[in-house]
Amino acid sequence: MARLSLNELQEEISADRDILLIQDLDGVCMPLVRDPLTRVLPPQYIEAVARFGDRFRVLTNGEHSGARGVNRLVEQALGPRRDPAAEGLYLPGLAAGGVQSQTGHGQISHPGVSQAELQFLQTVTAQLGNGVRQIIEQISPSCAAEELEQLSQAAVLDNELSPTLNLNVLFACLCPEPDQQRQLQELSLQLLETIERQAQQQGLGDSFFLHLAPNLGSQDGKELLKWASREHRGTSDFQFMLRGAVKEAGLLVLLNQHIARQSGRAPLGADFNVRTAPRSAEALLALAQESIAPEEMPTLVGIADTITSERLMDGNQQCWRRGGSDRGFLTLLQEIGRAFGRTNRVVLVDSSGGELDRPSLQDPELRGLSDPEDPLQLDVLVPGGPRAYVQWFNGLASNVF
C-alpha cells in the first residue's frame, strides 16, 4: 500500500472544503512521559488549533480539567498574562473517552453521566492509593516509607472521570525485569477488578469498565492485558472509566456535532452522546449510514499513536491479537470513509521516542503495531514523533487556514 507524505496530506486537506481533523493528545502533540504532571504543550501548537476552528477536535482518554488535565498545560504554555477562556484557546473536543466535552472557551459538560456515578468515581482515587501502596509493599518490602508515598502519589492519577493507575514510574523504579513487571500488572488488574465489583454491589454494574492501555483488543466484553516482555513493557495504564466512554462512540459524537455546526441539524439527535450510543463498531457504522446523508458527510482525518498487534498461536494456527486505545476509532473512521465514498485518512505518530517503551515506526515491518493482515490501513506515518507532527501541524494552520 502506497502511503502519503505529510506534504501530500497537506495538499489533500487544503483542497477539501469540508474536513474534520480528530486528534489524540499524548504521544501525538506531546511526548509520552512517566509523570503526566511533567507534560508540556508548545504555545505555537495551541495557537494553531485555534486557527483550525471548527475543522479540528481532540479525542482523548485523558481529561480537560483537574490538576493533571490538559487545560493546565494550556494555561502554563500561554502564561499568566493571557486568558485562554476569553481567547478561545482551550483544546475543543472530547476527553475521558468521550464523557467530558469542552469548547475552546473552556465550557465543560458531562453528557449522560449520573450523579450516582460521579459520587462513586470520587471514591476510586483513594482506593487506588491504598491499593497501590499495598502492591508496592508486596513487591518491594524494603521500600522506605517516604519513597512508598512518593511512588504511590506518582502512580495514581486523580482524574475526575477516569481515575487511573499508571505503572510507568513503578516499572522504572521497582521492576526492571519482565517477570517483576508482569507481577505488578497482575496485582494492578486485581485491584481494579475489586473496585469494579464494589460498583456492581452498589447497583452500578453497567456503569464502568476497565480500560487497559496499551491492550490486545477485547474478548467477552473485557479488554485484554498486554503482558510485559523483553521487548516491551505492555499495559501500563489501568483506567477506571465510565461505560460507553470509548473513542469509537466519541468519533460519532464529534461527527454529529460537526454536521450540526455546518447544517444546523444534528442527524443523530441534539442529545446524542457516548452513553446513549451503540456499543459495537458495527452498530455505530450502521447508525451513521442510516442517519447521515452522504452530502453531509465531511472528510475525516484521524491522528493518533496507540495501536498494537501481536502474533499468537491458537493451537497449531497463527493469529494476530490487535488492540490499542486508538485502533477502534481509527478503524471506524476508515470504515465510514469507505461506506460514504470519502477519502478518510489515518495518521500514526511515533510515540516511542518519549520516556515510555513503545514499538517504533523506525521498524519497517511495524512490529508490535501492525501486521501483514491488518485491516487498519495507515495512510501517513510520522516517524519523527510529536516534534515532527507539531511542526507540520503548525505549518498547516499557517498555510491553509
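This report walks through the pockets, cavities, strands and cysteines of one predicted model.

## Before we start

Since the model is predicted, local features need pLDDT of at least 70 and side-chain atom pairs count only at pLDDT 80 or more, while totals for chains, interfaces and linings use all residues. Residues are numbered from 1 along each chain as its sequence is written, and side-chain values use heavy atoms, with hydrogens and water left out.

## The open spaces: two pockets

Let's begin with the pockets. A pocket here is an open set of points on a 1 Å grid over the protein atoms alone, with protein on both sides within 12 Å along at least five of seven lines; a lining residue has an atom within 4 Å of a point. Grid points are joined across faces, edges and corners, and a volume is the space filled by probe spheres set on the points. The largest pocket comes out at about 1000 Å³. It has 36 lining residues, and S218, E223, V246, E248 and G328 sit closest to its centre. Several elements give two or more residues to this lining, among them β9 (215-219), β10 (222-225) and α9 (247-263). Helices (H or I, at least four residues) and strands (E, at least two) are DSSP runs, numbered from the N terminus. Helix α11 hands over the largest share, five residues. Sorted by class, the lining of the largest pocket has 12 nonpolar, 13 polar and 11 charged residues. For these classes, Ala, Val, Leu, Ile, Met, Phe, Trp, Tyr, Cys and Pro count as nonpolar, Asp, Glu, Lys and Arg as charged, and the others, Gly among them, as polar.

The second largest pocket has a volume of about 600 Å³. Its lining takes in 25 residues, with E365, L366, R367, S370 and D371 nearest the centre. Strand β13 (residues 308-314) gives the largest share of that lining, three residues. The classes split into nine nonpolar, seven polar and nine charged.

A cavity is a set of points where a 1.4 Å probe fits but cannot get out. How many cavities of 30 Å³ or more are there? The count comes to two. The largest cavity has a volume of about 490 Å³, and D26, L32, G62, N166 and D237 lie nearest its centre among 30 lining residues. Strands β7, β8 and β11 each supply at least two residues of this lining. By class, the lining of the largest cavity holds seven nonpolar, 14 polar and nine charged residues.

The second largest cavity is about 170 Å³ in volume. It is lined by 21 residues, and P214, G234, D357, R358 and P359 are those nearest its centre. Here the lining has eight nonpolar, seven polar and six charged residues.

## An open sheet of four strands

Now for a sheet. Four strands form an open, antiparallel sheet in the order β6-β7-β11-β8. β6 (156-157) and β8 are at the edges with a single partner strand each, so one side of each has no neighbour in the sheet. Two strands count as paired if DSSP finds at least two bridges between them.

Strand β11 (residues 237-242) is joined to β8 by six bridges, and to β7 (residues 164-166) by three. F238 in β11 is the bridge partner of L212, and L165 stands opposite F238 too. Q239 in β11 partners H211. Is β11 enclosed or left open? Six of its six residues are buried, so β11 is largely enclosed by the rest of the structure. Buried means under 20% relative accessible area, exposed over 50%, and partly exposed in between (1.4 Å probe, protein chains only).

β1 pairs in the parallel sense with β12 (residues 299-304) over five bridges, where Q23 has I303 as its partner. Three bridges also join β1 to β2 (residues 56-59), again parallel, and L21 stands opposite F56. With helix α2 (residues 43-52) between them in the unit, β1 and β2 make a right-handed β-α-β unit. Right-handed means that, with the strands pointing away from the viewer, the path from the first strand over the helix to the second runs clockwise.

## Cysteines

The structure holds zero disulfides, a disulfide being a pair of cysteine sulfur atoms within 2.5 Å. C29 is buried at 2% relative accessible area, whereas C319 is partly exposed at 29%.
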